[in-house]
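Trainee: I am new to this structure. Could we go through a few of the labels and what stands behind them?

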Amino acid sequence: MSPTLTNRLQPGTEAPEFTLKDAQGRETSLADYRGKNVIVYFYPKAATPGCTTEACDFRDSLSSLQGKGYEVIGISPDAPEALAGFTGDFSLTFPLLSDPDHAVALVYGAWGEKLVKGEIVEGIVRSTVVVDPEGKVTLAQYQVQADGHVAELKEALGL
């Protein structure tokens, strides 16, 4: 069975803590967001078409999400240098974090088998987990589509 199926987070459970480096090499932790709602989304690779669509959608929706009390963090296996380029190239205004050994993706259920160009490979399964101010999971979505995901997420959150 794929890790994604066994490690999926459920609403009401404690969100696993993490500390990862951002695009500038600074450490960012989930604990830094205690007291706020935070959308943690996992994406496969910076600057690829789907990941760019999703990141720009979060960028374009950030002020409305923040207005409703939600912060956004993106996580991928990319190195901080790649994240810095991605952030700069697309004027991304929320933190992107580097999870090079995919340890955080694994405990969040966002790492597992997926179908890519007709082949089963192991990697990031595009996923979004919403964490409440106390650190509990309020929503966990797996195998989401990049295009239209933010609108669907806002609807699921009643925003």
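Trainee: Why is T52 called buried?
Mentor: Its relative accessible area is 12%. Buried means under 20% relative accessible area, exposed over 50% and partly exposed in between, with a 1.4 Å probe and protein chains only. T52 therefore counts as buried.

Mentor: A word on the source: this is a predicted model, in which local features need pLDDT of at least 70 and side-chain atom pairs count only at pLDDT 80 or more, while totals for chains, interfaces and linings use all residues. Residues are numbered from 1 along each chain as its sequence is written, and side-chain values use heavy atoms, with hydrogens and water left out.

Trainee: What does T52 touch beyond its neighbours within four places in sequence?
Mentor: T52 is in contact (heavy atoms within 4.5 Å) with A47, F86 and F90.

Trainee: What makes E17 and R34 a salt bridge?
Mentor: The term requires a side-chain nitrogen of Lys or Arg within 4 Å of a carboxyl oxygen of Asp or Glu. The closest N and O atoms of E17 and R34 are 2.6 Å apart, so the pair qualifies.

Trainee: How do you know that D78 and K45 form one too?
Mentor: Their N to O distance is 3.9 Å, so it falls within the 4 Å limit.

Trainee: Which of these two labels applies to D78, buried or exposed?
Mentor: D78 has 8% relative accessibility and so counts as buried. K45, at 47%, is partly exposed.

Trainee: Why is D60 called exposed?
Mentor: D60 has 55% relative accessibility, so it counts as exposed.
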